[in-house]
Amino acid sequence: MEVAAKLKFARLSPQKCRLVCDQIRGLPIDRALDVLKFSRKKVAGVLKKLLDSAIANAEHNHGADIDELKISKIYADQGPTYKRMEAKAKGRGARILKPTCHITVVLSNRE
């Protein structure tokens with residue numbers, strides 16, 4: 001059984017998000033939550049909420065036992081980039097790029 005949860009258009013850099021995703025990929029749920037709880041990265045809080053949502057989906061929709069779940073897949077794809085302008089000297093402008101990402105967490109039984 002596989003259960004997924006997705007977060008789209010997160011205002012996070014996908015490159016920075018992948019660093020934390022790589023740390024928790026393949027871990028059991030309790031260990032992954034501990035890693036996210038003590039991580040100092042901004043994305044760790046967002047991933048913790050998404051993981052809680054995936055756990056709730058597994059428990060409510062499929063009646064899964066939480067102790068037997070592990071993170072089978074987790075990935076962060078690049079979303080659209082917001083383009084903004086910042087005023088510079090002599091009437092010029094500089095481009096500001098604000099990246100977004102789509103994060104997907106897939107849980108499965110420990111087998």
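Which side chain meets that of Arg25 in a salt bridge? The partner is Asp22, with N and O 2.7 Å apart.

## About the model

This is a predicted model, where local features need pLDDT of at least 70, side-chain atom pairs count only at pLDDT 80 or more, and totals for chains, interfaces and linings use all residues. Residues are numbered from 1 along each chain as its sequence is written, and side-chain values use heavy atoms, with hydrogens and water left out.

## Charged pairs

Let's start with the charges. Side chains of opposite charge can pair when their charged atoms come close. Here a salt bridge means a side-chain nitrogen of Lys or Arg within 4 Å of a carboxyl oxygen of Asp or Glu, and by this rule the count comes to three. In the pair from the opening question, Arg25 is partly exposed at 39% relative accessibility, and Asp22 is partly exposed too, at 47%. (Buried is under 20% relative accessible area, exposed is over 50%, and partly exposed lies in between, using a 1.4 Å probe and protein chains only.)

Another salt bridge joins Asp52 and Lys48, whose closest N and O atoms are 3.6 Å apart. Both residues sit in helix H3 (residues 42-62), four residues apart, or about one turn of the helix. Asp52 is partly exposed at 32%, as is Lys48 at 28%. Glu86 and Lys88 form a salt bridge as well, with 3.9 Å between the closest N and O atoms; Glu86 has 37% relative accessibility and Lys88 has 45%.

## The nonpolar core

Now for the inside. A nonpolar core is a set of buried Ala, Val, Leu, Ile, Met, Phe, Trp, Tyr and Cys residues joined through side-chain atoms within 4.5 Å. The largest one has 29 residues, and Leu47, Leu51, Ile71, Ile103 and Leu107 have the most contacts inside it. Two or more residues come from each of strand E1 (2-10), helix H1 (14-24), helix H2 (29-37), H3, strand E2 (69-78) and strand E5 (101-109). H3 gives the most, with eight residues. Helices (H or I, at least four residues) and strands (E, at least two) are DSSP runs, numbered from the N terminus.

Ile71 is in contact (heavy atoms within 4.5 Å) with residues including Ile24, Arg25, Leu51 and Leu107, leaving aside residues up to four places away in sequence.

## One face of H2

Ile29, Ala32 and Leu36 are buried in H2. Viewed down the axis of H2, its buried residues fall within an arc of 65°, so they line one face of the helix; the arc is that of the directions from the helix axis to the C-beta atoms. These buried residues pack against H1, H3, E2 and E5.
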